[in-house]
Amino acid sequence: MVFILLGSAFSWAQSTVSVEASLSQTTVYTGERINLSIEISGSFNNVSRPELPEFENFRLLSNNPSTSRSYRYINGQSTVSYTYSYYLIAQKKGKFQLPAVNVSIDGETYSTNPIAVNIIDRNESAKSQDSSERPDIFLQLEVSDKQPVAGQQIITDVILYFRDGLEVNSYQPVPGWKAEGFWKEELENSGRPRAESTVLDGVRYRKARLLQFSLFPTKAGKLEISPYEIVVAVRSARSGNDPFSSFFSGFGSNQREVELSSDPITVDVQPLSQNDDASYLGAVGDFDISRSISTKNALVGESIEIETRVRGSGNIPLISKPNYDLPDGLEIYEPQENTRLNRKNSTISGSKSFTDVIIARSPGRYTIPAKTVSYYNPSRDRYVTTTLEALSFSIDENPEAVANADSPGQFPVSPITGLASWVTVSSEPTAIWSMWWFWVGLVLPLIIAGIAYWRKSYAKKMQTDIAFARSVKAPDKAQQRLQKAIEVSEQGDIKQAYNLLQKAITGFISDRLNMPEAGLANQDYVEALKGQGIEENLVKNVRMLLDKCASISYAPDTTHEYLKSHVGLAESTLEKLQKVL
């Protein structure tokens, strides 16, 4: 005989088994954790774990319940009670029925009745004019500017609101927050969050900033900042005397965990005003731009460094390198980039430097012309231009090179003097083994056989030794990808071109070192090169190129010529790596 029992400790006296389902709460907010208990009591021999249905609009934290068991003796009869406890997270607002749960007891199936549940949207309730309907805790995103220009830094705060009488013991961000259409950086804030009192439409709350981000929109238009999610552990406060002392206090017996999610925020990103000047570096913020030269006197063949430095606050990692007009007779090699970010003081600031290495091939006086560069300042709502002064330097002959040119190699050959004498060649027959064709005919078949054996062994190894085959094919694969990157860039798809550039570099390194073909971070490739003892400059080139490829994926507004310069640097770097890997 099967009994369906629900909601109370109701059972029939003549029954031997009762099954009861209950919820810790039947009216909950989204993100709230509730306890589902299945209690089985009576006289029986075998009981199976409850068979859980699909819980729509709820998320089951774990299929493995916590269990308890107790025994009782009444009028000489023993009864046993099992309790299975599960935790559910309310996810979607509305009125729903929690489905029945089946339990097998001594071969018979018992079922609970459905339970009515009302789920209230936490964020909608937070905006209600009726204070009694407002939740005791909720999460919001607050931005510094809802109408920024493309590339402008906007500060985004993750704010927790909670009522007096509630303590927050801890919080944990849910991984995977993606701000699509933005380049983002988490800001550093010293110390734990501090709560302050505030009033929202007549209701007193405490407010604490948990996290802070800098977001940089990469394009114009309406962009949505996706909801931010955290899990907080809360409990009722022990005392309301000090509204701040309990924030992040110790754990208590009435503690509960709540999943909170903010509402999305729509930001209307304005396009930058038209700027046809090629001097614009893609910089948006407040900057100081300068350049310097490492020396004003050098010898032919010696390297000279021209460093351009951008300091200030704004979208520093997305700033492009200025292009300079170099006089004839100068060669430029492998530009280096270095970015230093300061994430403190509620803003992204720091510097980015570009170092051009040039070499003069002939003596003389050289001048790199003055260059005008510009950036956009949102607070002034205009472009700001800076003129970088001309750089002049002198190149002298290299004494060592001149000495070598004046002292060509001498050969110990003495001129022939006197009368020439004629030697009569003997007419006697020559032995066959002294003839060159004899040895060629003897050795050539051996050489051909050796080459054939080597080609067969090589082909077999290429088929059976995957690591060897990957290493051999790596240079050609990388070159094909680099060439494809240039072709794609010419068609206007800069983002895909940089994606191919990244694959060319990471694919080459992974193939040469027999690393996994996917699933590695850029830092893994850099560390692998360091582990091989690769020259520091080559490692720096690889890191710079990979960082550039990563930043372009957020802000693909750059030029084809800029891409070609990075492809050239990648080609020379991979060529050098091929010699040492």
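I started with asparagine 297 and looked up its bridge partner in S29: serine 394. I note that this is a predicted model.

Next I checked how the two strands run. S22 and strand S29 (residues 391-396) pair in the parallel sense, over 3 bridges.

I then traced the whole sheet. It is open, with 3 strands in the order S22-S29-S26, and the pairing is mixed. Which strands stand at the edges? I found S22 (297-299) and S26 (364-368) there. Each has a single partner strand, so one side of each is left without a neighbour in the sheet. From one strand to the next, the twist averages 30°.

I moved on to the helices. Helix H5 (residues 494-512) packs with helix H8 (residues 560-580) at an angle of about 5°. Their axes are 11 Å apart. Angles under 35 degrees count as roughly parallel, and H5 and H8 are therefore roughly parallel to each other.

I listed who makes the contact. From H5, I noted Ile494, Leu501, Ile505 and Phe508 among them. From H8, the residues include Tyr562, Leu563, Val567 and Leu574. By class, the residues of this contact divide into 13 nonpolar, 3 polar and 1 charged. Arg512 of H5 is one of the contact residues.

Last, I looked up totals for the chain. I counted 8 helices and 29 strands. Of the 581 residues, 40% are buried. The accessible surface comes to about 32,900 Å², and 48% of that belongs to carbon and sulfur atoms. How many of the contacts between residues at least 6 apart in sequence join residues at least 24 apart? I read 72%.

How values were computed
Residues numbered from 1 in each chain as written. Predicted model: local features only at pLDDT ≥ 70, side-chain atom pairs only at ≥ 80, totals over all residues. Heavy atoms only, no water. Pairing = 2+ DSSP bridges. Helix = DSSP H or I, 4+ residues; strand = E, 2+ residues; numbered from the N terminus. Axes fitted to C-alpha atoms, helices over the stretch in contact; angles between N-to-C directions. Parallel < 35°, antiparallel > 145°, perpendicular 65-115°, else oblique. Contact = heavy atoms within 4.5 Å. Nonpolar A, V, L, I, M, F, W, Y, C, P; charged D, E, K, R; others polar. Buried < 20%, exposed > 50% of the residue type's maximum accessible area, 1.4 Å probe, protein only. Areas by Shrake-Rupley, 256 points an atom, 1.4 Å probe, with all protein chains shown as cover.
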